[in-house]
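Here is a protein model to explore together. Have it open while you read, and look up each residue as it comes along.

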Amino acid sequence: LTRRCDSQEVFAMTAPLITTSDGKKMGKSEGGAIWLNSDMLPPYDYWQFWRNTQDADVIRFLKLFTELPLDEIDKMAELKGSEINSAKKVLADECT
């Protein structure tokens with residue numbers, strides 16, 4: 001539409017849909033909308049959203065949503081069992 005109305009060249013960028021390890025998409029239509037506005041969602045609830053990430057998603061989300069060095073994330077990928085909770089806290093802290 002912009003190209004037709006303004007006779008300008010237009011560019012767009014797309015990204016793949018982000019899904020959880022069980023195949024569900026992340027987003028409002030799946031319930032649990034995450035807002036960056038503290039009037040819509042308290043900061044603690046935002047932190048809790050990331051803290052409650054499924055174990056299988058933690059490392060991938062650290063790579064997608066944080067600026068941590070990959071070697072640091074790779075070390076966290078070796079965590080097993082309840083140790084993964086420390087990686088979840090890092091994810092929540094880095095994303096909040």
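Let's start with Thr53, which counts as buried because its relative accessible area is 7%, under the 20% cut-off. Keep in mind that what you're looking at is a predicted model. Where does Thr53 sit? You'll find Thr53 in the loop between H2 and H3. Leaving aside its neighbours within four places in sequence, Thr53 is in contact with Val58, Phe61, Lys88 and Leu91.

**The core**

Now for the largest nonpolar core, which has 15 residues. Trp50, Leu62, Ile73, Met76, Ala87 and Leu91 are the ones with the most contacts inside this core. Which elements give two or more residues to it? They are helix H2 (43–51), helix H3 (58–65), helix H4 (70–77) and helix H5 (84–95). H5 gives the most, with five residues.

Take Ala87 as an example from that core. Not counting residues up to four places away in sequence, Ala87 touches Val58, Leu62, Met76 and Leu79.

**One side of H2**

Next, zoom in on H2, where Tyr46, Trp50 and Arg51 are buried. Why do they end up on the same side of H2? They cover an arc of only 140° around the axis, and that puts them on the same side. The buried residues of H2 pack against H3 and H5.

**Rings that pair up**

Time for the aromatic rings. A pair of aromatic rings is described by the distance of the centres and the angle of the planes.

| Pair | Centre to centre | Angle between planes | Kind |
|---|---|---|---|
| Trp50 and Phe61 | 6.3 Å | 90° | edge-to-face |
| Trp50 and Phe65 | 5.1 Å | 55° | tilted |

Trp50 lies in helix H2 and Phe61 in helix H3, so their pair ties together parts that are 11 residues apart in sequence. The pair of Trp50 and Phe65 also runs from H2 to H3, so the parts it ties together are 15 residues apart in sequence.

Phe65, though, is partly exposed, with a relative accessible area of 31%. Tyr46, Phe49, Trp50, Phe61 and Phe65 form one aromatic cluster.

**Over to H5**

Ala92 has its place in helix H5. Ala92 is buried, with a relative accessible area of 0%. Which residues does Ala92 touch, not counting those up to four places away in sequence? They are Trp47, Trp50 and Arg51. Trp50 and Arg51 are also among the buried residues of H2.

**H3 meets H4**

Last stop: a pair of helices. Two packed helices are described by the angle between their axes and the distance between the axes. For H3 and H4, the axes come within 10 Å and cross at roughly 170°. That makes H3 roughly antiparallel to H4, because angles over 145 degrees count that way.

And which residues meet there? From H3 come Ile59, Leu62 and Lys63, and from H4 come Leu70, Ile73, Asp74, Met76 and Ala77. Leu62, Ile73 and Met76 have already turned up among the residues with the most contacts inside the core.

How values were computed. Residues numbered from 1 in each chain as written. Predicted model: local features only at pLDDT ≥ 70, side-chain atom pairs only at ≥ 80, totals over all residues. Heavy atoms only, no water. Core = buried A, V, L, I, M, F, W, Y, C linked by side-chain atoms within 4.5 Å. Buried < 20%, exposed > 50% of the residue type's maximum accessible area, 1.4 Å probe, protein only. Helix = DSSP H or I, 4+ residues; strand = E, 2+ residues; numbered from the N terminus. Contact = heavy atoms within 4.5 Å. Arc of directions from axis to C-beta. Phe/Tyr/Trp six-rings, centres within 6.5 Å; stacked < 30°, edge-to-face > 60°. Axes fitted to C-alpha atoms, helices over the stretch in contact; angles between N-to-C directions. Parallel < 35°, antiparallel > 145°, perpendicular 65-115°, else oblique.
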